[in-house]
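Please keep the structure open as you read.

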Amino acid sequence: MYRFTSIGNYIEDADNGIVFSGEGGQHLSMGDTLRNVTVSPILMQSVSADEPAACRVLNAHLIDCDHTTTAVALVAIQGINNEVRGLKVTNTSSPAYNIIGWFGADANNCLLEIDRADSGALS
């Protein structure tokens, strides 16, 4: 699938939020809000030899996306030329995550721009 677009959506109480997986590219998420997404709020994931490419997530807001040991990062990026810009992370309680952004070994020319975060790390 190419050029999937999601603008201004609100996702709450879900396991996964924005997921770009496998072959395809040029997907866009702009201004989406994710609240209490517990596994993968933003995931750009390679599957076998297929990688998401040139996908963009702009001005996403993650609220209370507390993670347990089942998921390490609020944002996980794999593939080529993917970008997340203007990310805001807000937790109303004590953050349960320790990593906001994670780049996979196959991430190439990818970008993660954190606009504001309550806490967390980038690796």
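Two residues are in contact when heavy atoms of theirs lie within 4.5 Å. Among the contacts in the protein with a separation of 6 or more, 70% are accounted for by residues 24 or more positions apart. Please note that this is a predicted model, in which local features need pLDDT of at least 70, side-chain atom pairs count only at pLDDT 80 or more, and totals for chains, interfaces and linings use all residues. Residues are numbered from 1 along each chain as its sequence is written, and side-chain values use heavy atoms, with hydrogens and water left out.

**The fold**

The protein has 12 strands and zero helices, where strands are DSSP runs of E with at least two residues, helices are runs of H or I with at least four residues, and both are numbered from the N terminus. Along the sequence the pattern reads β-β-β-β-β-β-β-β-β-β-β-β.

Of the 123 residues, 43% are buried; buried means under 20% relative accessible area, exposed means over 50%, and partly exposed is in between, with a 1.4 Å probe and protein chains only. The accessible surface comes to about 6200 Å², and carbon and sulfur atoms hold 48% of that surface. These areas come from the Shrake-Rupley method with a 1.4 Å probe, and for residues only the protein chains shown count as cover.

Leu87 sits in strand 10, which covers residues 83-90. With a relative accessible area of 0%, Leu87 is buried. Which residues does Leu87 contact, leaving aside neighbours within four places in sequence? They are Ile42, Ala60, Leu62, Val75, Ile100, Leu112, Glu113, Ile114, Asp115 and Arg116. From Leu87 to Val57 the C-alpha to C-alpha distance is 8.4 Å, while the two are 30 residues apart in sequence.

**Salt bridges**

Side chains of opposite charge can pair when their charged atoms come close. Here a salt bridge is a side-chain nitrogen of Lys or Arg within 4 Å of a carboxyl oxygen of Asp or Glu. The structure holds three of these salt bridges, listed below.

| Salt bridge | N to O distance |
|---|---|
| Arg35 and Asp64 | 3.5 Å |
| Glu83 and Arg85 | 2.8 Å |
| Glu113 and Arg85 | 3.8 Å |

Arg35 and Asp64 meet in a salt bridge. Arg35 lies in strand 5 (residues 33-45) and Asp64 in the loop between strand 8 (61-63) and strand 9 (73-77), so this pair ties together parts that are 29 residues apart in sequence. Arg35 is partly exposed at 26% relative accessibility, whereas Asp64 is buried at 12%.

Glu113 and Arg85 form another salt bridge. Because Glu113 belongs to strand 12 (residues 111-117) and Arg85 to strand 10, the pair ties together parts that are 28 residues apart in sequence. Glu113 is partly exposed, with a relative accessible area of 35%. Salt bridges with shared partners join Glu83, Arg85 and Glu113 into one network.

**A buried asparagine in a loop**

Asn82 is found in the loop between strand 9 and strand 10. Is Asn82 buried or exposed? Asn82 is buried, at a relative accessible area of 0%. The Asn82 side chain reaches the backbone nitrogen of Cys55 at 2.9 Å. Not counting residues up to four places away in sequence, Asn82 touches Met44, Pro52, Ala53, Ala54, Cys55, Ile77, Asn109, Cys110 and Leu111.

Conventions
Polar contact = N/O pair within 3.5 Å; in protein donor to acceptor, adjacent residues only side chain to side chain.
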